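Here are a few exercises to work through with the structure open. Try each one yourself before you read the solution.

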Amino acid sequence: MRVYVPLTLPGLAEAHKTGELGSGPLVAYAVTPALREWYLSDDIEELEYAALSRAALASLRLLAVDAGAPRRRVVVAVDVPDRAAVADPDRGLDPAALGEVRVAGIVSLAKAAAVHVDSGDAEADVTAAAAAVAAAEGGDDDAQFVVDGAEDHELLWFATQEIPNLVGSGE
């Protein structure tokens with residue numbers, strides 16, 4: 001199963017150093033039955049993009065609590081065994097939990113298929129969105145408009161071999 005793990009650039013640097021995205025349970029996003037039902041689509045590419053977008057929003061939440069992290073959303077696409085990723089049945093169709101899964105065990109960075117990161121021109125919008133995400137999730141329409149501004153930026157795709165350049169180690 002392909003899951004999308006939300007991170008920050010410092011989190012990606014740590015994963016690069018340790019070789020692990022973390023040990024379970026790790027929060028990630030995937031094409032779950034609830035996500036399928038919510039998006040009413042059978043197109044797997046659309047559903048994968050929706051899961052990636054959910055992970056990008058979770059990355060924004062991580063940026064909101066890490067003032068020192070560069071203002072770029074980071075999502076790592078990684079393949080895990082199907083049974084390793086489990087949706088919380090108690091959260092069901094809660095819009096805040098769509099596509100959310102918990103991944104048990106250690107998630108090796110070597111299993112990553114790609115990394116998705118904002119470009120530099122997204123930083124101003126991502127900075128504003130990180131400051132507004134809590135208010136947006138609390139129902140503030142003006143704050144949601146600011147968060148949507150960051151979501152207008154497409155995450156760039158990077159091969160896993162490019163991680164050293166992304167995190168500044170330049171190996």
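**Exercise 1.** How many bridges join strand S1 to S4, and in which sense do the two strands run?

Solution. Before starting, note that this is a predicted model, where local features need pLDDT of at least 70, side-chain atom pairs count only at pLDDT 80 or more, and totals for chains, interfaces and linings use all residues. Residues are numbered from 1 along each chain as its sequence is written, and side-chain values use heavy atoms, with hydrogens and water left out.

Step 1: find the strands. Helices (H or I, at least four residues) and strands (E, at least two) are DSSP runs, numbered from the N terminus. S1 covers residues 2-7, and S4 covers residues 74-79.

Step 2: check the pairing, which takes at least two bridges found by DSSP between two strands. S1 and S4 are joined by six bridges and run antiparallel. One place to look is Leu7, whose bridge partner in S4 is Val74.

Step 3: look for another neighbor of S4. Strand S8 (residues 112-117) pairs with S4 over five bridges, again in the antiparallel sense. Here Val74 has Val117 of S8 as its bridge partner.

Step 4: see how covered S4 is. Five of its six residues are buried, where buried means under 20% relative accessible area, exposed means over 50%, and partly exposed is in between (1.4 Å probe, protein chains only).

**Exercise 2.** Which side chain meets that of Asp79 in a salt bridge?

Solution. Step 1: know the rule. A salt bridge needs a side-chain nitrogen of Lys or Arg within 4 Å of a carboxyl oxygen of Asp or Glu. The count by this rule is six.

Step 1: find the partner. Asp79 meets Arg2, with 2.8 Å from N to O. The pair links distant parts of the chain, since Asp79 is in S4 and Arg2 is in S1, 77 residues apart.

Step 2: Asp79 is partly exposed at 34% relative accessible area, and Arg2 is partly exposed at 30%.

**Exercise 3.** Are Asp118 and Arg73 buried or exposed?

Solution. Step 1: read the values. Asp118 has a relative accessible area of 1%, so it is buried. Arg73 is at 3%, so it counts as buried too.

Step 1: look at how they meet. Their side chains form a salt bridge of 2.7 Å, N to O. Asp118 lies in the loop between S8 and helix H4 (123-137), while Arg73 lies in the loop between helix H3 (44-65) and S4, 45 residues apart.

**Exercise 4.** Which residues have the most contacts inside the largest nonpolar core?

Solution. Step 1: define the core. A nonpolar core is a set of buried Ala, Val, Leu, Ile, Met, Phe, Trp, Tyr and Cys residues joined through side-chain atoms within 4.5 Å.

Step 1: name them. The largest core has 26 residues, and those with the most contacts inside it are Val3, Leu12, Leu21, Val103 and Val115. Elements that give it two or more residues include S1, S4, S8 and helix H1 (9-18).

Step 2: Apart from it lies another core, of 16 residues, among them Tyr29, Leu35, Ala50 and Leu155.
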